[in-house]
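Please look over the sequence and the model first, and keep both in view while you read the briefing that follows.

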Amino acid sequence: KTLSLVIIAIVCPLAGQNIADSYKKRVSMLEKAEAMITFFRDEINFRALPINELIYSLSQKETFKQLVFIKECSELLSLECDFPQAWSNALEGYKNTAFLKKKDVELLKSFGENFGVTDSAGQLSNCNIYLDLLKVNYNEALKEKERYSALSTVIGFLAGLGILIVFILEK
(Lines give C-alpha, C1' and ligand atoms only; values in the text may rest on other atoms or scores of the structure.)
Protein backbone atom coordinates (compact mmCIF):
# COMPACT_ATOMS: atom_id res chain seq x y z
CA LYS A 1 0.00 0.00 0.00
CA THR A 2 2.87 2.38 0.80
CA LEU A 3 4.45 1.66 -2.57
CA SER A 4 1.13 2.51 -4.25
CA LEU A 5 1.04 5.84 -2.44
CA VAL A 6 4.57 6.68 -3.51
CA ILE A 7 3.79 5.77 -7.12
CA ILE A 8 0.63 7.89 -7.10
CA ALA A 9 2.50 10.79 -5.49
CA ILE A 10 5.06 10.62 -8.33
CA VAL A 11 2.75 9.90 -11.28
CA CYS A 12 0.27 12.74 -10.74
CA PRO A 13 2.87 15.57 -10.92
CA LEU A 14 4.52 13.84 -13.89
CA ALA A 15 1.17 13.69 -15.68
CA GLY A 16 0.68 17.40 -15.02
CA GLN A 17 4.18 18.12 -16.34
CA ASN A 18 3.47 16.03 -19.43
CA ILE A 19 0.36 18.08 -20.16
CA ALA A 20 2.35 21.30 -19.66
CA ASP A 21 5.02 20.02 -22.07
CA SER A 22 2.40 19.35 -24.75
CA TYR A 23 1.43 23.04 -24.71
CA LYS A 24 5.09 24.01 -25.11
CA LYS A 25 5.63 21.51 -27.93
CA ARG A 26 2.64 22.83 -29.89
CA VAL A 27 4.12 26.33 -29.71
CA SER A 28 7.48 24.98 -30.85
CA MET A 29 5.96 22.99 -33.73
CA LEU A 30 4.00 26.01 -34.95
CA GLU A 31 7.16 28.14 -34.79
CA LYS A 32 8.91 25.55 -36.97
CA ALA A 33 5.95 25.46 -39.36
CA GLU A 34 6.12 29.26 -39.73
CA ALA A 35 9.86 29.03 -40.35
CA MET A 36 9.23 26.30 -42.93
CA ILE A 37 6.77 28.41 -44.91
CA THR A 38 9.11 31.39 -44.66
CA PHE A 39 11.86 29.15 -46.05
CA PHE A 40 9.58 28.14 -48.95
CA ARG A 41 8.71 31.77 -49.64
CA ASP A 42 12.34 32.88 -49.61
CA GLU A 43 13.50 29.99 -51.79
CA ILE A 44 10.74 30.63 -54.34
CA ASN A 45 11.55 34.33 -54.34
CA PHE A 46 15.31 33.97 -54.80
CA ARG A 47 16.02 30.55 -56.30
CA ALA A 48 12.78 29.31 -57.93
CA LEU A 49 13.62 25.66 -57.23
CA PRO A 50 11.20 22.88 -58.14
CA ILE A 51 9.08 21.63 -55.23
CA ASN A 52 10.89 18.27 -54.99
CA GLU A 53 14.22 20.06 -54.53
CA LEU A 54 12.71 22.51 -52.04
CA ILE A 55 11.34 19.70 -49.89
CA TYR A 56 14.58 17.74 -50.09
CA SER A 57 16.61 20.81 -49.12
CA LEU A 58 14.27 21.46 -46.21
CA SER A 59 14.44 17.83 -45.04
CA GLN A 60 18.23 18.11 -44.77
CA LYS A 61 18.19 21.13 -42.45
CA GLU A 62 18.70 20.45 -38.75
CA THR A 63 16.32 23.29 -37.90
CA PHE A 64 13.36 21.33 -39.26
CA LYS A 65 14.12 17.83 -37.89
CA GLN A 66 11.24 18.27 -35.41
CA LEU A 67 8.84 18.43 -38.39
CA VAL A 68 9.19 14.75 -39.25
CA PHE A 69 6.54 14.96 -41.96
CA ILE A 70 8.98 16.94 -44.15
CA LYS A 71 11.35 13.99 -44.36
CA GLU A 72 8.43 11.64 -45.00
CA CYS A 73 7.19 13.92 -47.77
CA SER A 74 10.67 14.04 -49.32
CA GLU A 75 10.85 10.23 -49.30
CA LEU A 76 7.42 9.96 -50.94
CA LEU A 77 8.44 12.48 -53.61
CA SER A 78 11.54 10.42 -54.39
CA LEU A 79 9.15 7.51 -55.11
CA GLU A 80 7.52 9.59 -57.86
CA CYS A 81 4.48 10.57 -55.79
CA ASP A 82 3.02 13.97 -56.74
CA PHE A 83 3.54 16.77 -54.21
CA PRO A 84 -0.02 17.35 -52.91
CA GLN A 85 -0.50 13.62 -52.29
CA ALA A 86 2.94 13.18 -50.70
CA TRP A 87 2.37 16.22 -48.45
CA SER A 88 -1.08 15.04 -47.41
CA ASN A 89 0.09 11.47 -46.72
CA ALA A 90 3.06 12.69 -44.70
CA LEU A 91 0.81 14.89 -42.56
CA GLU A 92 -1.83 12.19 -42.07
CA GLY A 93 0.07 10.73 -39.11
CA TYR A 94 -0.03 14.04 -37.27
CA LYS A 95 -3.82 14.19 -36.96
CA ASN A 96 -3.86 12.46 -33.60
CA THR A 97 -0.79 13.86 -31.89
CA ALA A 98 -0.83 15.58 -28.55
CA PHE A 99 1.29 18.40 -29.95
CA LEU A 100 -0.55 19.69 -32.98
CA LYS A 101 -4.28 20.18 -32.96
CA LYS A 102 -6.39 18.87 -35.82
CA LYS A 103 -6.89 22.41 -37.13
CA ASP A 104 -3.10 22.92 -37.25
CA VAL A 105 -2.67 19.78 -39.32
CA GLU A 106 -5.59 20.69 -41.59
CA LEU A 107 -4.08 24.14 -42.16
CA LEU A 108 -0.75 22.58 -43.15
CA LYS A 109 -2.53 20.10 -45.42
CA SER A 110 -4.40 22.96 -47.07
CA PHE A 111 -1.12 24.78 -47.65
CA GLY A 112 0.21 21.71 -49.46
CA GLU A 113 -2.89 21.43 -51.64
CA ASN A 114 -2.41 25.00 -52.83
CA PHE A 115 1.38 25.04 -53.05
CA GLY A 116 2.98 24.64 -56.43
CA VAL A 117 -0.19 24.95 -58.48
CA THR A 118 0.39 28.55 -59.59
CA ASP A 119 3.24 30.68 -60.86
CA SER A 120 5.91 32.10 -58.54
CA ALA A 121 3.87 35.20 -57.66
CA GLY A 122 0.89 33.02 -56.73
CA GLN A 123 3.07 30.76 -54.61
CA LEU A 124 4.55 33.76 -52.78
CA SER A 125 1.05 35.03 -52.11
CA ASN A 126 0.01 31.56 -50.93
CA CYS A 127 2.96 31.47 -48.51
CA ASN A 128 2.06 34.89 -47.11
CA ILE A 129 -1.58 33.91 -46.62
CA TYR A 130 -0.66 30.72 -44.78
CA LEU A 131 1.93 32.52 -42.68
CA ASP A 132 -0.83 34.85 -41.49
CA LEU A 133 -3.13 31.90 -40.77
CA LEU A 134 -0.38 30.07 -38.90
CA LYS A 135 0.31 33.18 -36.81
CA VAL A 136 -3.30 33.06 -35.58
CA ASN A 137 -2.84 29.43 -34.47
CA TYR A 138 0.56 30.26 -32.98
CA ASN A 139 -0.84 33.16 -30.94
CA GLU A 140 -3.64 30.91 -29.69
CA ALA A 141 -1.12 28.21 -28.74
CA LEU A 142 1.02 30.79 -26.94
CA LYS A 143 -1.98 32.00 -24.93
CA GLU A 144 -2.93 28.42 -24.05
CA LYS A 145 0.64 27.69 -22.98
CA GLU A 146 0.75 30.78 -20.78
CA ARG A 147 -2.67 30.05 -19.29
CA TYR A 148 -2.56 26.28 -18.79
CA SER A 149 1.06 25.16 -18.69
CA ALA A 150 1.88 26.15 -15.11
CA LEU A 151 -1.65 25.30 -14.03
CA SER A 152 -1.33 21.72 -15.31
CA THR A 153 1.84 21.17 -13.30
CA VAL A 154 0.28 22.58 -10.13
CA ILE A 155 -2.93 20.57 -10.56
CA GLY A 156 -0.90 17.39 -11.07
CA PHE A 157 1.07 18.08 -7.91
CA LEU A 158 -2.05 18.93 -5.91
CA ALA A 159 -3.88 15.83 -7.16
CA GLY A 160 -0.99 13.63 -6.07
CA LEU A 161 -0.80 15.40 -2.73
CA GLY A 162 -4.57 15.13 -2.24
CA ILE A 163 -4.60 11.39 -2.95
CA LEU A 164 -1.65 10.94 -0.60
CA ILE A 165 -3.42 12.85 2.19
CA VAL A 166 -6.63 10.84 1.73
CA PHE A 167 -4.76 7.55 2.02
CA ILE A 168 -2.77 8.74 5.03
CA LEU A 169 -5.94 9.89 6.82
CA GLU A 170 -7.57 6.52 6.16
CA LYS A 171 -4.91 4.75 8.22
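The accessible surface of the protein chain in this predicted model comes to about 9,700 Å², and 59% of that surface belongs to carbon and sulfur atoms. Of the 171 residues in the chain, 36% count as buried. The secondary structure consists of 6 helices and 0 strands, so that reading along the sequence gives the pattern α-α-α-α-α-α.

**Overall shape and charge**

- The C-alpha atoms of the protein chain fill a box of roughly 75 × 30 × 25 Å when the box is taken along the principal axes.
- The radius of gyration of the protein chain is 21 Å, whereas a compact globule of 171 residues would have one near 16 Å.
- When contacts between residues at least 6 apart in sequence are considered, 67% of them join residues that are at least 24 apart.
- The protein chain carries 20 positive and 21 negative side chains, and the centres of these two sets lie 8 Å apart.

- Glu34 is found in helix α1, and it counts as buried because its relative accessibility is 14%, while the cut-off for buried is under 20%.
- If neighbours within four places in sequence are left aside, the residues in contact with Glu34 are Leu131, Leu134, Lys135 and Tyr138.
- Glu34 and Glu62 are 28 residues apart along the chain, and their C-alpha atoms are separated by 15 Å.

- Helix α5 covers residues 102-114, and its 13 residues should span 18 Å at 1.5 Å a residue, which agrees with the 19 Å found between its end C-alpha atoms.
- Several residues of α5 are buried, among them Asp104, Lys109, Phe111 and Gly112, together with Val105, Leu107 and Leu108.
- Just after α5, a positive phi of about 85° is taken by Gly116.

Conventions
Residues numbered from 1 in each chain as written. Predicted model: local features only at pLDDT ≥ 70, side-chain atom pairs only at ≥ 80, totals over all residues. Heavy atoms only, no water. Helix = DSSP H or I, 4+ residues; strand = E, 2+ residues; numbered from the N terminus. Rg over C-alpha atoms; globule rule 2.2 N^0.38 Å. Buried < 20%, exposed > 50% of the residue type's maximum accessible area, 1.4 Å probe, protein only. Contact = heavy atoms within 4.5 Å. Areas by Shrake-Rupley, 256 points an atom, 1.4 Å probe, with all protein chains shown as cover. Lys, Arg positive; Asp, Glu negative; His and termini not counted. Charge placed at Lys NZ, Arg CZ, Asp CG, Glu CD. Expected span 1.5 Å × (residues − 1).
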